[in-house]
Amino acid sequence: MAMELMKMPQLGESVTEGTISKWLVKPGDHVTKYDPLAEVMTDKVNAEVPSSFTGIIKELKADENQTLAVGEVICSIEVETAKTDNDNVGQAISHSEENTDAPVTRDVQQASAEPSRKARFSPAVLKLSQEHGIDLSKVKGTGNEGRITRKDLLKLVESGNLPKADDFSAISDSVHEEITPPPVNRQTSAVTNVTAATGDKEIPVTGIRKAIASNMLKSKHEIPHAWTMVEVDASNMVKLRDNLKSDFKQKEGYNLTYFAFFVKAVAQALTEFPELNSMWAGDKIIQKKEINISIAVATEDALFVPVIKNADEKSIKGIAREIQELASKVKAGKLKAEDMQGGTFTVNNTGSFGSVQSMGIINYPQAAILQVETIVKRPVVINDMIAVRDMVNLCLSLDHRVLDGLVCGRFLARVKEIIEKISKDNTSIY
């Protein structure tokens, strides 16, 4: 008999951790290869983790609602042979290699009271230390042989007592060649020490909420946001959609929404202004060939951003169908990793809850996000006469490293033109 360990898999690009939302097995259960072991929630997707082995569950290494870094052990399985496949998404290691911190390949010299001892830092520890400017040489680890763990750093972050580093000299040049840390904001503020008073309600921060907070903080720290807005007369679009919606719903079985018209207009404008369909990559700007529109879909306590692939090649009907399908997956908790990947530009339907003007935080590493506000009837001047029209504000947040006001202004003007020219005579939804 041999003991094998299941690790937290990486369930999407840029995913660094996952939360065990529900165990589907218990110690003593017999599982076969590919049987689901647990439901895992990340900031991008909910998914089941399959077993890489056939055997008996010996120990669950994490509790439900516990967040673990990618590569940390989630459970142990007793198998008949040590020679098992581990090319499945749930990668495993043998019991003799057990190490929940998944150390990087190369050792680094830790500047501490024991300079002769080599210390290894996991990718999760390095990432946290870089995000918060923590000097690892000043941290006392509680892991095996004094190793610094992710939990050690999280406790420091929560306490606000962060040992700051002026640079990352504690990490040797050899490791720098393999893991190049991103720029760190040295003015990261300490966690506010807030104490709940009598009658206050304490709401635990879930793994997915922590992930959302981390991504938003990264976007605001690294991306120099700028903002602009245009006012659009959507009266013709509203009239066309309202005339078609009943027959469309009866024929297709799903709603023809205003949002589908806006997404199609944005996708068309992106083909003419590909600069908006770009990403910052340090020493270069990558202009993406595919136009994949991310759409924000909110639940009661989280925000998901599934992707409409090749939106420029789809009709308004096809976009409306994908919006319906992706929103249904989010609400049912059935989004897959591939549903969340590959987005190049985000369109957010903030108008769905009555917003008339807002500045969105860019969906990292994209270069822009467009907020489609609520459509409101307002008096406007047309040919020196006052008329009541269906007006909507389109608010664009942009990465000023990638984009300048001129191209963004032209892009928004083109989206405005497309929306205002929608009519029964020149617009097909099929």
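This is a predicted model: local features need pLDDT of at least 70, side-chain atom pairs count only at pLDDT 80 or more; totals for chains, interfaces and linings use all residues.
1. Helix α7. This helix covers residues 316–332, which makes 17 residues. From first C-alpha to last it reaches 24 Å. That is close to the 24 Å expected at 1.5 Å a residue. Just after α7 comes Gly-333, with a positive phi of about 70 degrees.

2. The buried residues of α7. Buried here are Ile-316, Gly-318, Ile-319, Ala-320, Glu-322, Ile-323, Leu-326, Ala-327 and Val-330. Their cover includes helix α6 (258–272). It also includes the strands β15 (293–295), β16 (297–298), β17 (303–304) and β18 (307–308).

3. Glu-322. Glu-322 has a salt-bridge partner, Lys-314. The closest N and O atoms of this pair are 3.3 Å apart.

4. Lys-329 and Asp-339. Lys-329 sits in helix α7 and Asp-339 in the loop between α7 and β19, so the pair ties together parts that are 10 residues apart in sequence. Asp-339 counts as buried because its relative accessibility is 12%. Lys-329, at 30%, counts as partly exposed.

5. Lys-377 and Asp-390. These side chains also form a salt bridge, at 3.1 Å from N to O. Lys-377 belongs to strand β21 (residues 376–382) and Asp-390 to strand β22 (residues 385–399), so the bridge ties together parts that are 13 residues apart in sequence. Lys-377 has 60% relative accessibility and therefore counts as exposed. Asp-390 has 11% and counts as buried.

6. Salt bridges overall. The count for the model comes to 17. Some are joined up: Glu-272, Arg-414, Glu-417 and Lys-421 are linked in a network of salt bridges.

7. A nonpolar surface patch. Which residues form a nonpolar patch on the surface? They are Trp-227, Met-229 and Met-359. Together they have about 260 Å² of accessible area. Met-359 lies in the loop between β19 (345–348) and β20 (368–372). Its relative accessibility is 43%, so Met-359 counts as partly exposed.

Terms used:
Residues are numbered from 1 along each chain as its sequence is written. Side-chain values use heavy atoms; hydrogens and water are left out. Helices (H or I, at least four residues) and strands (E, at least two) are DSSP runs, numbered from the N terminus. The expected span of a helix is 1.5 Å times one less than its number of residues. Buried means under 20% relative accessible area, exposed over 50%, partly exposed in between (1.4 Å probe, protein chains only). Contact means heavy atoms within 4.5 Å. Patches are made of residues with over 30% relative accessible area and no salt bridge: like charges are joined within 9 Å, nonpolar side chains (Val, Leu, Ile, Met, Phe, Trp, Tyr) within 5 Å. Accessible areas come from the Shrake-Rupley method with a 1.4 Å probe; for residues, only the protein chains shown count as cover. A salt bridge is a side-chain nitrogen of Lys or Arg within 4 Å of a carboxyl oxygen of Asp or Glu.
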